[in-house]
Amino acid sequence: MTIEQALSNEVQVRGRVAEIFGDRLLVEDATGRILVELAETTEKPAAVAVGQILLIEGRLRGRTIEARRVALVTEDAASGPPAAEGPADAARVDRLLGALSRPADTATIRSTLEAIGLSPAGAPVRRNKHTEIPARDARGQAWSASLDRFGRLEEIELEDYDDDDVPPQPRFDPAELARIVEREGYRTRAAAERRPEHFEVIALNRQGDLVEVHVDFAGVIYKIVWIR
């Protein structure tokens, strides 16, 4: 593993599919279990079934692996596969659902925020199916971060942002929008879309996440929404 891979939480695991929940897999080996999320962009087999042994490459985000590539391990290649239990019974499913209903733990939230350059600035608060927590960036700006039940970021927004101060028309040439976004470390991936009081730009952040960057007509990046 390179330092770059370590810093980006890149992992590779092999395990048996124990359960399937829509676009999420519960994968297990002799040492434990972990959730694996499959995105539309994930390179994966045409079909995944319980009992298959998979080789999974992706990034660790809290208690979930966001898979970049999933490959089926053939019987020949799977000699000595990770030991695993048989099909999950009702009690094991209940335990998993119970874990999903709990908010992400403090350590997971902290590591998730630190991965994008934010530090917790208060206690997390549970809001139905997501958790909110105040945070600060390296410049001291205050943000409000929202994380889902897996401890993954849903969005961050400037804490004291006041849209009443936004000018009615852009103060910059829209052709400069990509440079405004890229100066902050994002790589644009689609043409900007104009909204009544802001622009939305699809981009990759420094961690390789696909996000929607909101830039107001004053040129301020005030909100980031993760796309999954």
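**Pockets of a predicted model**

Q: What makes Ala 39, Thr 41, Glu 66, Leu 210 and Ile 227 stand out in the largest pocket?
A: Among the 22 residues lining the largest pocket, these five lie nearest its centre. A lining residue has an atom within 4 Å of a pocket point, and a pocket is an open set of points on a 1 Å grid over the protein atoms alone, where a 1.4 Å probe fits, with protein on both sides within 12 Å along at least five of seven lines. Do note that this is a predicted model, where local features need pLDDT of at least 70, side-chain atom pairs count only at pLDDT 80 or more, and totals for linings use all residues. Residues are numbered from 1 along each chain as its sequence is written.

Q: Which elements give two or more residues to that lining?
A: They are strands S3 (32-43), S4 (53-61) and S5 (64-72), strands being DSSP runs of E with at least two residues, and helices runs of H or I with at least four. S3 gives the largest share, six residues.

Q: What does the volume of the largest pocket stand for?
A: The value is about 670 Å³, the space filled by probe spheres set on the grid points, which are joined across faces, edges and corners. The second largest pocket has about 580 Å³.

Q: Which residues are closest to the centre of the second largest pocket?
A: Of its 23 lining residues, Asp 137, Trp 143, Glu 184, Tyr 186 and Arg 206 are the closest. S15 gives the most to this lining, with three residues.

Conventions. Side-chain values use heavy atoms; hydrogens and water are left out.
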